[in-house]
Amino acid sequence: MRFAPLIICLAAISLAAPTNFLDDAYDWTDDLADFYGKVSEYINTAKHNNKSPRACETSKIALPSYASGMTGPSGLKPKYVALGRGTQNYTCADSTSKSTPAATGAVARLYNATCIAANFPDLLENLPNLAYKISLPTDEYASFPPANLKLLGHHFFFDATTPEFNLNTTPNQQDGIVMTKKGGAIDAPPGAVPGKYGAVPWLYLTTSDGTVGNYKSVYRVNTAAGSPPKTCKGMPAAFEMPYAANYYFFGE
(Lines give C-alpha, C1' and ligand atoms only; values in the text may rest on other atoms or scores of the structure.)
Protein backbone atom coordinates (compact mmCIF):
# COMPACT_ATOMS: atom_id res chain seq x y z
CA MET A 1 0.00 0.00 0.00
CA ARG A 2 1.18 3.51 -0.72
CA PHE A 3 0.98 4.62 2.90
CA ALA A 4 3.06 1.70 4.22
CA PRO A 5 6.28 3.71 4.89
CA LEU A 6 4.37 6.26 6.95
CA ILE A 7 2.47 3.60 8.89
CA ILE A 8 5.69 1.77 9.71
CA CYS A 9 7.26 4.98 11.02
CA LEU A 10 4.27 5.93 13.13
CA ALA A 11 3.61 2.39 14.30
CA ALA A 12 7.11 2.27 15.74
CA ILE A 13 6.27 5.39 17.74
CA SER A 14 2.89 4.16 18.91
CA LEU A 15 4.31 0.83 20.07
CA ALA A 16 6.50 2.67 22.56
CA ALA A 17 3.52 3.91 24.54
CA PRO A 18 1.99 0.80 26.13
CA THR A 19 5.30 -1.06 26.55
CA ASN A 20 7.16 1.64 28.44
CA PHE A 21 4.09 2.85 30.27
CA LEU A 22 3.47 -0.57 31.77
CA ASP A 23 7.16 -0.86 32.66
CA ASP A 24 6.97 2.48 34.53
CA ALA A 25 9.57 4.00 32.20
CA TYR A 26 7.91 7.36 32.60
CA ASP A 27 4.92 9.00 34.25
CA TRP A 28 1.83 9.48 32.13
CA THR A 29 1.19 13.19 31.58
CA ASP A 30 -1.11 15.41 29.56
CA ASP A 31 1.85 16.29 27.28
CA LEU A 32 2.53 12.62 26.64
CA ALA A 33 -1.14 11.96 25.98
CA ASP A 34 -1.20 14.84 23.51
CA PHE A 35 1.90 13.45 21.75
CA TYR A 36 0.37 10.02 21.24
CA GLY A 37 -2.93 11.63 20.30
CA LYS A 38 -1.17 13.35 17.39
CA VAL A 39 0.47 10.07 16.39
CA SER A 40 -2.95 8.42 16.29
CA GLU A 41 -4.35 11.24 14.16
CA TYR A 42 -1.52 10.89 11.64
CA ILE A 43 -2.04 7.14 11.40
CA ASN A 44 -5.76 7.55 10.81
CA THR A 45 -5.20 10.28 8.22
CA ALA A 46 -2.65 8.18 6.34
CA LYS A 47 -5.00 5.21 6.26
CA HIS A 48 -7.91 7.37 5.08
CA ASN A 49 -5.94 9.10 2.32
CA ASN A 50 -4.06 5.98 1.30
CA LYS A 51 -0.92 8.01 0.67
CA SER A 52 2.04 9.47 2.47
CA PRO A 53 5.39 11.20 1.95
CA ARG A 54 8.56 9.19 1.78
CA ALA A 55 9.70 7.96 5.16
CA CYS A 56 13.10 9.69 5.24
CA GLU A 57 13.24 12.38 2.57
CA THR A 58 15.92 14.54 4.18
CA SER A 59 15.46 17.35 1.65
CA LYS A 60 12.23 18.22 3.45
CA ILE A 61 13.97 18.79 6.79
CA ALA A 62 14.09 22.40 7.96
CA LEU A 63 15.30 24.09 11.12
CA PRO A 64 12.69 25.65 13.43
CA SER A 65 11.97 29.23 12.41
CA TYR A 66 13.29 30.54 15.73
CA ALA A 67 16.74 29.30 14.72
CA SER A 68 16.89 32.08 12.10
CA GLY A 69 18.46 34.15 14.87
CA MET A 70 21.63 32.13 14.28
CA THR A 71 23.76 31.81 11.15
CA GLY A 72 22.02 29.62 8.59
CA PRO A 73 23.44 26.54 6.81
CA SER A 74 23.71 28.28 3.42
CA GLY A 75 24.13 25.77 0.59
CA LEU A 76 24.28 22.80 2.94
CA LYS A 77 22.00 19.79 3.10
CA PRO A 78 20.44 18.16 6.19
CA LYS A 79 21.99 14.75 6.83
CA TYR A 80 20.63 13.62 10.19
CA VAL A 81 18.44 14.86 13.00
CA ALA A 82 18.92 13.41 16.45
CA LEU A 83 17.13 13.62 19.76
CA GLY A 84 19.78 14.15 22.42
CA ARG A 85 19.17 13.06 26.00
CA GLY A 86 21.79 13.40 28.72
CA THR A 87 23.27 15.90 31.13
CA GLN A 88 24.85 19.34 31.08
CA ASN A 89 27.80 19.27 33.48
CA TYR A 90 29.01 21.99 35.84
CA THR A 91 31.51 22.67 38.62
CA CYS A 92 31.57 25.07 41.56
CA ALA A 93 34.64 26.59 43.20
CA ASP A 94 32.78 26.55 46.52
CA SER A 95 29.22 26.16 47.76
CA THR A 96 28.52 29.83 48.46
CA SER A 97 26.49 32.46 46.65
CA LYS A 98 29.74 34.22 45.74
CA SER A 99 30.54 31.55 43.16
CA THR A 100 28.70 30.77 39.94
CA PRO A 101 28.54 27.39 38.19
CA ALA A 102 31.05 26.87 35.39
CA ALA A 103 30.06 24.71 32.43
CA THR A 104 32.35 21.72 31.84
CA GLY A 105 30.60 20.18 28.85
CA ALA A 106 27.83 17.69 28.26
CA VAL A 107 27.26 13.97 27.84
CA ALA A 108 24.30 12.62 25.88
CA ARG A 109 23.09 9.78 23.78
CA LEU A 110 21.82 10.68 20.32
CA TYR A 111 18.76 8.93 18.92
CA ASN A 112 17.90 8.97 15.22
CA ALA A 113 14.88 11.21 14.61
CA THR A 114 15.60 11.91 10.93
CA CYS A 115 12.41 10.34 9.58
CA ILE A 116 10.25 12.18 12.11
CA ALA A 117 11.97 15.46 11.21
CA ALA A 118 11.26 14.87 7.52
CA ASN A 119 7.56 14.14 7.93
CA PHE A 120 6.33 15.28 11.35
CA PRO A 121 8.19 18.40 12.55
CA ASP A 122 5.49 19.13 15.11
CA LEU A 123 6.14 15.77 16.78
CA LEU A 124 9.88 16.34 16.65
CA GLU A 125 9.58 19.76 18.30
CA ASN A 126 7.85 18.25 21.33
CA LEU A 127 10.16 15.28 21.80
CA PRO A 128 12.78 17.02 24.00
CA ASN A 129 10.05 18.32 26.30
CA LEU A 130 9.03 14.73 26.99
CA ALA A 131 12.44 13.10 26.77
CA TYR A 132 14.29 15.06 29.45
CA LYS A 133 11.95 13.59 32.07
CA ILE A 134 12.63 10.01 30.95
CA SER A 135 15.59 8.01 32.22
CA LEU A 136 17.93 6.59 29.62
CA PRO A 137 17.52 2.84 29.01
CA THR A 138 19.88 0.61 30.96
CA ASP A 139 20.77 -1.11 27.70
CA GLU A 140 22.78 1.47 25.77
CA TYR A 141 21.53 0.16 22.43
CA ALA A 142 17.86 -0.08 23.36
CA SER A 143 15.32 2.19 21.64
CA PHE A 144 14.37 5.35 23.46
CA PRO A 145 10.78 6.38 24.22
CA PRO A 146 8.48 8.13 23.62
CA ALA A 147 9.17 7.71 19.88
CA ASN A 148 10.98 4.36 19.92
CA LEU A 149 14.12 5.90 18.39
CA LYS A 150 17.24 3.90 17.59
CA LEU A 151 20.66 4.93 18.86
CA LEU A 152 22.54 7.12 16.36
CA GLY A 153 25.60 8.03 18.41
CA HIS A 154 27.06 9.79 21.42
CA HIS A 155 27.76 13.41 22.32
CA PHE A 156 30.51 14.46 24.71
CA PHE A 157 33.38 16.94 24.90
CA PHE A 158 36.75 16.01 23.39
CA ASP A 159 38.31 18.78 25.47
CA ALA A 160 37.07 21.84 27.37
CA THR A 161 36.04 23.69 24.20
CA THR A 162 35.38 20.96 21.61
CA PRO A 163 31.94 19.34 21.48
CA GLU A 164 32.19 15.96 19.74
CA PHE A 165 29.45 13.89 18.13
CA ASN A 166 30.54 10.31 17.52
CA LEU A 167 28.15 8.61 15.11
CA ASN A 168 30.24 5.46 14.76
CA THR A 169 27.95 3.42 16.98
CA THR A 170 28.69 -0.16 15.92
CA PRO A 171 31.01 -1.86 13.40
CA ASN A 172 28.09 -1.88 10.97
CA GLN A 173 26.95 1.67 11.69
CA GLN A 174 29.79 4.05 10.86
CA ASP A 175 28.28 7.47 10.17
CA GLY A 176 31.28 9.61 11.04
CA ILE A 177 32.69 11.79 13.78
CA VAL A 178 31.76 15.46 14.04
CA MET A 179 34.19 17.72 15.88
CA THR A 180 32.81 21.20 16.44
CA LYS A 181 33.33 24.65 17.85
CA LYS A 182 30.80 27.26 18.90
CA GLY A 183 29.65 29.55 16.13
CA GLY A 184 26.67 31.28 17.72
CA ALA A 185 23.93 31.05 20.32
CA ILE A 186 20.53 32.44 21.21
CA ASP A 187 18.49 32.10 24.38
CA ALA A 188 15.87 29.36 24.39
CA PRO A 189 12.52 30.83 23.32
CA PRO A 190 9.73 31.73 25.74
CA GLY A 191 7.76 28.62 26.51
CA ALA A 192 10.74 26.26 26.47
CA VAL A 193 10.46 23.63 29.19
CA PRO A 194 12.68 25.06 31.94
CA GLY A 195 13.27 22.06 34.15
CA LYS A 196 14.52 23.27 37.52
CA TYR A 197 16.59 26.29 36.47
CA GLY A 198 15.84 26.99 32.80
CA ALA A 199 16.46 25.64 29.31
CA VAL A 200 19.98 25.86 27.90
CA PRO A 201 20.49 28.11 24.85
CA TRP A 202 20.12 27.06 21.24
CA LEU A 203 23.54 26.67 19.57
CA TYR A 204 25.10 26.90 16.14
CA LEU A 205 28.27 24.81 15.86
CA THR A 206 30.71 24.67 12.97
CA THR A 207 32.91 21.68 12.28
CA SER A 208 36.62 21.66 13.06
CA ASP A 209 39.72 19.52 12.54
CA GLY A 210 39.19 15.85 13.24
CA THR A 211 35.77 15.62 11.63
CA VAL A 212 35.25 12.37 9.71
CA GLY A 213 32.61 12.71 6.99
CA ASN A 214 31.33 15.68 4.99
CA TYR A 215 29.70 17.43 7.94
CA LYS A 216 29.85 21.22 8.13
CA SER A 217 27.55 22.39 10.93
CA VAL A 218 25.40 21.22 13.83
CA TYR A 219 22.48 22.99 15.47
CA ARG A 220 21.21 22.37 18.98
CA VAL A 221 17.56 23.47 19.11
CA ASN A 222 14.30 22.76 20.95
CA THR A 223 16.20 22.60 24.22
CA ALA A 224 14.52 21.45 27.42
CA ALA A 225 16.06 22.08 30.87
CA GLY A 226 19.80 21.72 31.50
CA SER A 227 20.65 25.14 32.96
CA PRO A 228 22.34 25.43 36.38
CA PRO A 229 21.27 27.59 39.31
CA LYS A 230 22.46 31.19 39.22
CA THR A 231 24.88 30.68 42.11
CA CYS A 232 26.72 27.78 43.72
CA LYS A 233 25.01 28.19 47.08
CA GLY A 234 24.45 24.71 48.52
CA MET A 235 25.78 22.99 45.40
CA PRO A 236 28.50 20.30 45.30
CA ALA A 237 31.86 20.77 43.61
CA ALA A 238 30.57 19.00 40.49
CA PHE A 239 27.01 18.31 39.42
CA GLU A 240 24.87 17.41 36.42
CA MET A 241 21.59 18.80 35.11
CA PRO A 242 19.41 16.58 32.89
CA TYR A 243 18.50 18.02 29.50
CA ALA A 244 17.20 17.10 26.09
CA ALA A 245 17.46 18.78 22.69
CA ASN A 246 17.19 18.18 18.97
CA TYR A 247 20.43 18.19 16.99
CA TYR A 248 20.47 18.93 13.25
CA PHE A 249 23.52 17.81 11.26
CA PHE A 250 24.25 19.57 7.97
CA GLY A 251 26.83 18.73 5.32
CA GLU A 252 27.73 18.98 1.68
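In the predicted model, Cys 92 is buried, its relative accessible area being 8%. Its disulfide partner is Cys 232, at an S to S distance of 2.1 Å. The two cysteines connect distant parts of the chain, Cys 92 lying in the loop between E1 and strand E2 (102-112) and Cys 232 in the loop between E7 and E8, 140 residues apart. Cys 232 is likewise classed as buried, with 0% relative accessibility.

When the bonded cysteines are numbered in sequence order, the pairing reads 1-3, 2-4.

The strands form a barrel of 8 members, closed in the order E1-E2-E3-E4-E5-E6-E7-E8 with antiparallel pairing. On average, neighbouring strands of this sheet are turned by 30° against each other, direction ignored.

Helix H4 lies across strand E1 (77-91), E7 and strand E8 (238-251), and runs at about 165° to E8. In this helix, which spans residues 121-131, the residues Leu 123, Leu 124, Leu 127, Pro 128, Leu 130 and Ala 131 are buried. These residues lie on the same side of H4 because they cover an arc of only 165° around its axis.

Backbone geometry was also examined. Most residues other than glycine have a negative phi, and most peptide bonds are trans. Pro 145 and Pro 146, however, are joined by a cis peptide bond with omega of about 5°. Pro 146 is situated in the loop between H4 and strand E3 (151-159). The loop between H4 and E3 also contains Asn 148, a residue that is not a glycine but has a positive phi of about 55°. Asn 148 is partly exposed, at a relative accessible area of 27%. A positive phi, near 65°, is found in Ala 225 as well. Ala 225 is located in strand E7 (residues 215-225) and is buried, with a relative accessible area of 2%.

Technical notes: Residues numbered from 1 in each chain as written. Predicted model: local features only at pLDDT ≥ 70, side-chain atom pairs only at ≥ 80, totals over all residues. Heavy atoms only, no water. Buried < 20%, exposed > 50% of the residue type's maximum accessible area, 1.4 Å probe, protein only. Helix = DSSP H or I, 4+ residues; strand = E, 2+ residues; numbered from the N terminus. Arc of directions from axis to C-beta. Pairing = 2+ DSSP bridges. Axes fitted to C-alpha atoms, helices over the stretch in contact; angles between N-to-C directions. Contact = heavy atoms within 4.5 Å. Disulfide = S-S within 2.5 Å.
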